[in-house]
Amino acid sequence: MPVNCLTQQNKHNDPNTDNYTQQSIKVEFALALDQIKNSVWLIGIPSWLFAITDRSFAILSDGDLSPIDILQLLMTCLFFVSWLYLKPEESLNSNDVEPNEYAEYISRSQAHKFRLKKRHMISQDYILPFPYYCQIYHLLNLKHLETVHKFSLNSLKVLSISQFQATNIGGVIKFNTMLQPSINLLRFWRQPIVEVDLILHTPYTIELSIPAYNDKRIVVIFHAFPLNEREHQLFIDIYSDLEWPKPILQFILHCATCLTLFEDLPYLQALAEKNVERLFNLNLASKHETMLLFKRFIELYGTRQKIIQLPESK
């Protein structure tokens, strides 16, 4: 807000308005470039982890450990470690621009990091004794909001799919949901009918974004990583800009997350006992619109799953 006020004063009082505009554009460009570089770097981390997992399972499935296989795995690990050290630095430094430009750049970049940290509510992680693909199937199947989580979501209904967009490494699906009972605890958070976003960022990262009152949102980030053919690790991070007392909101979100995970366990167990590979066969995949994002996952990563060898049914 003070920056905006200063900008208005300069426009009216400073004869070098064009120079100030050029400086502002330079700062905007640097901030945008920082965001792009950090996004690319973050996407690279799960990609390299996937490559390491892919090579490891390929070696184990062959049963014949050769020097070439070991070299390929070591090179992949080396590239991953190198990628971690390539974390992007700031696009501007004090030697590149005028002091007032650099001060504005630092102020705005730090403010963005502070807002993100301030909105982080809770983190939870679990090691679950179910194949990784069971979790992916569950998270990308919209109907599970109505069935598996019928109790915790108070009989929420998925009304319609409003938008679906495929991306190079995932996809975005927007869908309308409705709270059915007239007395529903979730109405403290949101309107009876809202449009929810479900985003497949990478083979391991899924985002659920839920609108709340007054243009606020609750964002849940799921990170699911396979540990072996029968186990996976699930990380859950929740962000929100709701203006509730943070300790109270954190307590509520912790309880809600534990409840939904408790509901997941019997379903994941039943799913693990089925032929999981059949679920990831593109020819056998459901054509229903609620499964569009799951079908996109199969299109992008189905061939790799065959290499990894999905767990067989018990």
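Asp-237 is buried (under 20% relative accessible area, where exposed means over 50% and partly exposed lies in between, with a 1.4 Å probe and protein chains only) and yet has no salt bridge, the nearest side chain of opposite charge being that of Lys-246, 11 Å away. A salt bridge here requires a side-chain nitrogen of Lys or Arg within 4 Å of a carboxyl oxygen of Asp or Glu, and in assigning charge Lys and Arg count as positive and Asp and Glu as negative, whereas His and the chain ends are not counted. The model is a predicted one, in which local features need pLDDT of at least 70 and side-chain atom pairs count only at pLDDT 80 or more, while totals for chains, interfaces and linings use all residues. Residues are numbered from 1 along each chain as its sequence is written, and side-chain values use heavy atoms, with hydrogens and water left out.

The side chain of Asp-237 does make a polar contact with the side chain of Ser-123, at 2.4 Å; such a contact is a pair of N or O atoms within 3.5 Å, of which, within protein, one must be able to donate a hydrogen and the other to accept it, and residues adjacent in sequence count only if both atoms are side-chain atoms. Leaving aside residues up to four places away in sequence, Asp-237 touches His-120, Ile-122, Ser-123, Val-219, Val-220, Ile-221 and His-223, where contact means heavy atoms within 4.5 Å.

Asp-237 lies in strand β7 (residues 232-240); strands (E, at least two residues) and helices (H or I, at least four) are DSSP runs numbered from the N terminus. Nine bridges join β7 to β6, and the two strands run antiparallel, with Val-220 standing opposite Ile-238 in β7 and a hairpin of five residues connecting β6 to β7. Two strands are taken to pair if DSSP finds at least two bridges between them.

| Pair | N to O distance |
|---|---|
| Glu-146 and Lys-143 | 3.1 Å |
| Asp-197 and Lys-174 | 3.2 Å |
| Arg-296 and Glu-299 | 3.5 Å |

The salt bridge between Asp-197 and Lys-174 links distant parts of the chain, with Asp-197 in strand β4 (residues 193-200) and Lys-174 in strand β3 (residues 171-178), 23 residues apart. Asp-197 is buried, with a relative accessible area of 12%, and Lys-174, Asp-197 and Arg-217 are linked in a network of salt bridges. Glu-146 is likewise buried, with a relative accessible area of 12%, whereas its partner Lys-143 is partly exposed at 32%. Arg-296 and Glu-299 are three residues apart in helix α8 (residues 292-308) and are therefore separated by about one helical turn; Arg-296 counts as buried at 16% relative accessibility, while Glu-299 is partly exposed at 43%.
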